[in-house]
Structures are given as C-alpha cells and as structure tokens.
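Try each task before you read its solution.

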Amino acid sequence: MDSLDPSSDSAPAEGARPTLKTIAFMTGLGVTTVSRALKDAPEIGEETKRRVRLVAKQIGYRPNRAGVRLRTGKTNVISLVLDTGEDLTGFVSDMIYGISETIAETPYHLIVTPYSRRNDPMDPVRYVVETGSADGIILSRTQPNDPRVAYLLEHHFPFATHGRTAIGEDHPFHDFDNRAFAAAAVRKLTELGRRRLALLPPPPDLTYHQHMRDGFSDAVQELGATEVAWGGISIDDPIDAILAKTARLMRRADRPDGLVAASGGATFALVAGIEEAGLALGRDVDVVSKQSSRLLRWYRSELWISQEDFRLAGREVAKSVLGRIEGRPVSTLQSLAAPGDVVSCRMPSTA
C-alpha cells in the first residue's frame, strides 16, 4: 500500500504551477511514489501509473527542466536538426508527428534546431553538444562520410539518423530502401513497354543518391532497357529549373519514354516540363515517383507512385535515439523500410 507523504496533506495554493505535490495531494499518494510513477519505475503498479499520468495530464503538469537537469544531469529534450530547405510536401510535418507519437509517453520533449544549407551544417550539432541543451540528436540528409556523424561518435553523444552513412562505424538509423524503390520503378516502366529510361535523382552528396542510382542502373541492365543520360539535375534543384531541364530533355530526339522521380515535390515540376514539351503522360511517357503525401493522386491520374511513410520514419528514429540514450546496443537500433508497391494514381471507378 502506498504511504502518504506529509507534504501532500495540504492543498496547493490556488493558481500555483502544478507540481509533484499537487499530484500527490489529488491522488492521495506520496510525492516519491508520484515521481516514480511518472518515471515508469518498474516497482510501481500499472494502475497507479495510469492514475498519476491521468491527473498530471488533467492539471497540465510539466516537470521543471532546470530541476530535472540539476538532479539527473538530463534535459529530457531530443533535438531534431532540420535543414530549412527540406521538402515540405509531407516530410517535415510527418516526421515531427511520428517523433512526437513515440516520445508522448516518455519524459522527453522535441525541439527543432534549424539550419540553412548556406551555413555550416556542423554548427547546430556542435551547439547542442557543447551546451548540453539536449540528451539526443536526430539528423537527416546524411552523407556517406557525414562529418556530423563522425563528430557525434567521437563525443559519444546519443543520436540517430534518418538515412545511412558509409562512415565505417555502426550507429543508430532508420532508412527507406531507395535501391529497392528504384528497381521496382524500372520494372513497372518496362512492364508498361517503356525502354528508354531516365532518373531524376537525389543530390549526389547524399548517401541515398548512390542507393537509388545503383537500384536504377542494375534494373535497367537486368531488364534490357536503356538509360538516357541526364546529368546536372537533382530533386534539390529549384522547381523552375527542374521544369526547364525536363522540357529540354523531352524535346531531344533520344528523349526517354519512362522517368523515375526521387520525390513527390519534384514530380510536379517534372510533369509540367513534360507537358510544356507537348507530350502527354500515359501516352508518350510514363512516370514513377516516390511520394510521402497523397497530393500526386489528385494531380495527374496517369502517374505511378510508391509510398514512403515519413511518420513511420519519425517513430523509428525516435525509438533509435531513445534506445541509444538508454545504452541499448546499436545493432538493435537500426531499421530499413521497404517501399510500397508501385500503383497507379487512377482513382477507382464510382460507377
């Protein structure tokens, strides 16, 4: 039976910030029991934990971070280091939603630490580590030899990445199997009778560029198709530039009749360029694109798509960084998501 704490015998002052004593007074439990229940201590019964959490939620209790840090050395903060130029057609909101889902039942809070590609991407990472302003970091847009990952490994700072590296030392990550996506996209295009194929890839400095290129090139060779060279373009190019470069490509005598796009956002410009060249989707050319939102389904019914789930990615990287903070083995904190089937955007008939 839970013992009462003498300090919980009197009601808290009206209008005062809710504290552990407030919860203790309202539940009739001791302050120590309340504290342990909120920390999910194994010696506290599940029914007691549920009761304490319910009261804490109802009264808007938030732990005092300064006090927590003094007692434990922890901030209870996870920092998502985010490029301000990230694709906004689903990535940012879905990633944050997924992370928030995972940490909702923990003491941790999420802060977004933005940076611009025009600045040194090491700056926000160094800031978090040197100031101790978070207990763990989540990174995206990973490079094969990512200096941020090397720095965090060197400083033994808990982190997880959305995307893999080739840095030579294991670390927590969640990634999407872009090699498998590209191969599946090529297979679909060849099933549709397309033989001259081109790829709108990720930027070449990111790890998944090579993953996607390998999947595309291997499948093109295996299936007897031909790659139409299309250098100097990536999904990171401005929308207007992708449109113009696509229009020029599609006016060439050796133009492709099938295209694979690495992101849904870039596909809007890709399709606009195809149509500016006077060609029609589904008749003159087919396009297979990754997508994270459902916008492409409402854009052109002739498109073919494969889903990448950024909410799942958010949940998985959050699990990975929390696991690393707890000291779990890195091998248990790595995951790879398979691409969804390549399906048509044509809406089912309502007839």
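**Exercise 1. Find the handedness with which H1 passes H3, then describe how the two helices meet.**

Step 1. H1 passes H3 in a right-handed crossing.

Step 2. Locate the pair: helix H1 covers residues 20-27 and helix H3 covers residues 46-59. Helices (H or I, at least four residues) and strands (E, at least two) are DSSP runs, numbered from the N terminus. Residues are numbered from 1 along each chain as its sequence is written, and this is a predicted model, where local features need pLDDT of at least 70, side-chain atom pairs count only at pLDDT 80 or more, and totals for chains, interfaces and linings use all residues. Side-chain values use heavy atoms, with hydrogens and water left out.

Step 3. The axes come within 10 Å and cross at roughly 120 degrees. Axes are lines fitted to C-alpha atoms, for helices over the stretch in contact, and angles run from 0 to 180 degrees between N-to-C directions.

Step 4. H1 and H3 are therefore oblique to each other. Under 35 degrees counts as roughly parallel, over 145 as roughly antiparallel, 65 to 115 as roughly perpendicular, and the rest as oblique.

Step 5. Thr22, Ile23, Met26 and Thr27 of H1 meet Arg51, Val52, Val55, Ala56 and Ile59 of H3. Contact means heavy atoms within 4.5 Å.

**Exercise 2. Sort the side chains of strand E11 by face, and find the bridge partner of Asp175.**

Step 1. Strand E11 spans residues 334-337. In a regular strand the side chains alternate between the two faces of the sheet.

Step 2. Ser335 and Ala337 point to one face and are buried (under 20% relative accessible area; exposed is over 50%, partly exposed in between; 1.4 Å probe, protein chains only).

Step 3. E11 pairs with strand E5 (residues 173-176) in the parallel sense, over four bridges. Two strands pair if DSSP finds at least two bridges between them.

Step 4. The bridge partner of Asp175 in E11 is Leu336.

**Exercise 3. Is His162 buried or exposed?**

Step 1. Find His162 in strand E4 (residues 159-162).

Step 2. His162 counts as buried, because its relative accessibility is 12%.

Step 3. Check its contacts beyond four places in sequence: they include Phe91, Leu139, His174 and Phe310.

Step 4. Phe176 is 14 residues from His162 in sequence, and 8.6 Å away in space, C-alpha to C-alpha.

Methods
A crossing is left-handed if the near helix is turned anticlockwise from the far one by less than a right angle, and right-handed if clockwise.
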